[in-house]
Amino acid sequence: MSSSSTALRELQRDLESKANDLSKLQKGRPNQAHIAKNHQVRKKYTIQLGENELVLKELNLLNEDANVYKLIGPVLVKQDLAEANANVRKRIEYISAEL
């Protein structure tokens, strides 16, 4: 009888050990909600990157004396072409770094 109870205790310890190992693996692995959130953030940055690259292409088509306006709240504010170009490039750098 004692050999069967010893074997049972060993099986129980082995089962607990494997359950702990599984728990550790699950904690280290990102869950579905985490993956979905990361996907949404990446999608947002990818869209922003495309929009900013398009703006940069359009800015490069303009003459140096062209009027450029920046939307700040409900107001359009005149902006220097070189400054607008630098701002868009900086935004592209930031978004690329985030991706």
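Residue E58 sits in helix α2. The model is predicted, and all values below are computed from it. Helix α2 spans residues 32–61 and packs against helix α3, residues 81–98. Other topics are a nonpolar surface patch that includes Y69 and the placement of R9 in helix α1.

**Packing of α2 and α3**
- Two packed helices are described by the angle between their axes and the distance between those axes.
- For α2 and α3, the angle is about 155° and the axes are 9 Å apart.
- An angle over 145 degrees counts as roughly antiparallel, and α2 and α3 are therefore roughly antiparallel to each other.

- R89 belongs to helix α3.
- The relative accessible area of R89 is 42%, which means that R89 is partly exposed.
- R89 and T46 are separated by 43 residues in sequence and by 15 Å in space, C-alpha to C-alpha.

**Helix α1**
- R9 is placed in helix α1, which covers residues 2–28.
- With 46% relative accessibility, R9 counts as partly exposed, because partly exposed runs between the limits of 20% for buried and 50% for exposed.
- R9 lies 23 residues from Q32 in sequence, with a C-alpha to C-alpha distance of 36 Å.

- Strand β1 consists of residues 68–72, and Y69 is one of its residues.
- Y69 has a relative accessibility of 48% and therefore counts as partly exposed.
- Together with L71 and L76, Y69 makes a nonpolar surface patch of about 360 Å².

Methods:
Residues are numbered from 1 along each chain as its sequence is written. This is a predicted model: local features need pLDDT of at least 70, side-chain atom pairs count only at pLDDT 80 or more; totals for chains, interfaces and linings use all residues. Side-chain values use heavy atoms; hydrogens and water are left out. Patches are made of residues with over 30% relative accessible area and no salt bridge: like charges are joined within 9 Å, nonpolar side chains (Val, Leu, Ile, Met, Phe, Trp, Tyr) within 5 Å. Accessible areas come from the Shrake-Rupley method with a 1.4 Å probe; for residues, only the protein chains shown count as cover. A salt bridge is a side-chain nitrogen of Lys or Arg within 4 Å of a carboxyl oxygen of Asp or Glu. Helices (H or I, at least four residues) and strands (E, at least two) are DSSP runs, numbered from the N terminus. Buried means under 20% relative accessible area, exposed over 50%, partly exposed in between (1.4 Å probe, protein chains only). Axes are lines fitted to C-alpha atoms, for helices over the stretch in contact, and angles run from 0 to 180 degrees between N-to-C directions. Angles under 35 degrees count as roughly parallel, over 145 as roughly antiparallel, 65 to 115 as roughly perpendicular and the rest as oblique.
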